[in-house]
Amino acid sequence: AIPVADADFNGNGQVNGDDLTAWKGGFGLATGAAKSVGDANGDFDVDGAAEVLGAFVKANPRLVNTTPT
């Protein structure tokens with residue numbers, strides 16, 4: 001799992017919808033990616049859906065519906 005701060009792609013001190021949008025926009029980049037487009041671990045690509053979404057959920061638990069359907 002990645003630390004929540006690593007999913008703060010716009011550097012504003014929060015992990016929110018803006019960061020999720022940045023990550024989704026960069027998802028799939030295989031080389032040359034910067035943190036601002038979703039590189040959460042500094043390897044210059046944008047992948048790791050489970051890790052990024054996990055960090056988003058951890059930072060925003062009230063936005064997640066945990067009620068069983």
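Visitor: Hi! How many helices and strands does the protein have?

Guide: Hello! This predicted model shows a protein with two helices and zero strands.

Visitor: What share of its residues count as buried?

Guide: The protein has 69 residues, and 29% of them count as buried.

Visitor: And the surface, how much of that belongs to carbon and sulfur atoms?

Guide: Carbon and sulfur atoms hold 57% of an accessible surface of about 4300 Å².

Visitor: Let's look at α1. Which residues are buried there?

Guide: In α1 you'll find Asp 19, Leu 20, Trp 23 and Gly 26 buried. Looking down the helix axis, those buried residues sit within an arc of 135 degrees, so they line one face of α1.

Visitor: Why would residues a few places apart point the same way?

Guide: An α-helix has 3.6 residues a turn, so residues three or four places apart point the same way.

Visitor: Nice. Which residues are exposed on the other side of α1?

Guide: There you have Asp 18, Thr 21, Lys 24 and Gly 25, which are exposed.

Visitor: What caps the N-terminal end of α1?

Guide: That's Asn 16, with a side-chain oxygen 3.0 Å from the backbone nitrogen of Asp 18. Asn 16 itself belongs to the segment before α1, which spans 17-26.

Visitor: Is Asn 16 buried or exposed?

Guide: Asn 16 is buried, because its relative accessible area is 16% and the cut-off for buried is under 20%.

Visitor: What else does Asn 16 touch?

Guide: If we skip neighbours within four places in sequence, Asn 16 is in contact with Phe 56 and Asn 60. The side chain of Asn 16 also makes a polar contact of 3.5 Å with the side chain of Gln 14.

Visitor: Why tilted and not edge-to-face?

Guide: Edge-to-face needs planes over 60 degrees apart and stacked needs under 30, so the 55 degrees between Trp 23 and Phe 27 counts as tilted.

Visitor: Which residues make up the largest nonpolar core?

Guide: That core has eleven residues: Ala 7, Phe 9, Val 15, Leu 20, Trp 23, Ala 33, Ala 40, Val 46, Val 52, Ala 55 and Phe 56. The elements giving two or more residues to this core are α1 and α2, and the largest share, three residues, comes from α2.

Visitor: Tell me about Val 15. Where is it found?

Guide: Val 15 is in the segment before α1, and it counts as buried at 8% relative accessibility.

Visitor: Which residues does Val 15 touch?

Guide: Not counting residues up to four places away in sequence, Val 15 touches Val 4, Ala 7, Asp 8, Ala 55, Phe 56, Ala 59 and Asn 60. Here's another pairing to look at: Val 15 and Lys 58 are 43 residues apart along the chain, with their C-alpha atoms separated by 9.2 Å.

Visitor: What about contacts across the whole protein, how many link residues 24 or more positions apart?

Guide: Among contacts with a separation of 6 or more, 44% are between residues 24 or more positions apart.

Visitor: One more place: where does Phe 44 lie?

Guide: Phe 44 lies in the loop between α1 and α2. Phe 44 counts as exposed, at 52% relative accessibility, and has a positive phi of about 65 degrees although it is not a glycine.

Visitor: Which residues is Phe 44 in contact with?

Guide: Leaving aside neighbours within four places in sequence, the contacts of Phe 44 are Ala 30, Thr 31, Gly 32, Ala 33 and Asp 39. From Phe 44 to Gly 32, twelve residues apart in sequence, the C-alpha atoms are 5.1 Å apart.

Visitor: And how far apart in space are Phe 44 and Ala 34?

Guide: They are 6.1 Å apart, C-alpha to C-alpha, and ten residues apart in sequence. Ala 34 is also in the loop between α1 and α2 (49-59), and Ala 34 counts as partly exposed at 38% relative accessibility.

Key:
Residues are numbered from 1 along each chain as its sequence is written. This is a predicted model: local features need pLDDT of at least 70, side-chain atom pairs count only at pLDDT 80 or more; totals for chains, interfaces and linings use all residues. Side-chain values use heavy atoms; hydrogens and water are left out. Rings of Phe, Tyr and Trp (its six-membered ring) pair if their centres lie within 6.5 Å; planes under 30 degrees apart count as stacked, over 60 as edge-to-face and the rest as tilted. Helices (H or I, at least four residues) and strands (E, at least two) are DSSP runs, numbered from the N terminus. Buried means under 20% relative accessible area, exposed over 50%, partly exposed in between (1.4 Å probe, protein chains only). Contact means heavy atoms within 4.5 Å. Accessible areas come from the Shrake-Rupley method with a 1.4 Å probe; for residues, only the protein chains shown count as cover. A polar contact is a pair of N or O atoms within 3.5 Å; within protein, one must be able to donate a hydrogen and the other to accept it, and residues adjacent in sequence count only if both atoms are side-chain atoms. The arc is that of the directions from the helix axis to the C-beta atoms. A nonpolar core is a set of buried Ala, Val, Leu, Ile, Met, Phe, Trp, Tyr and Cys residues joined through side-chain atoms within 4.5 Å.
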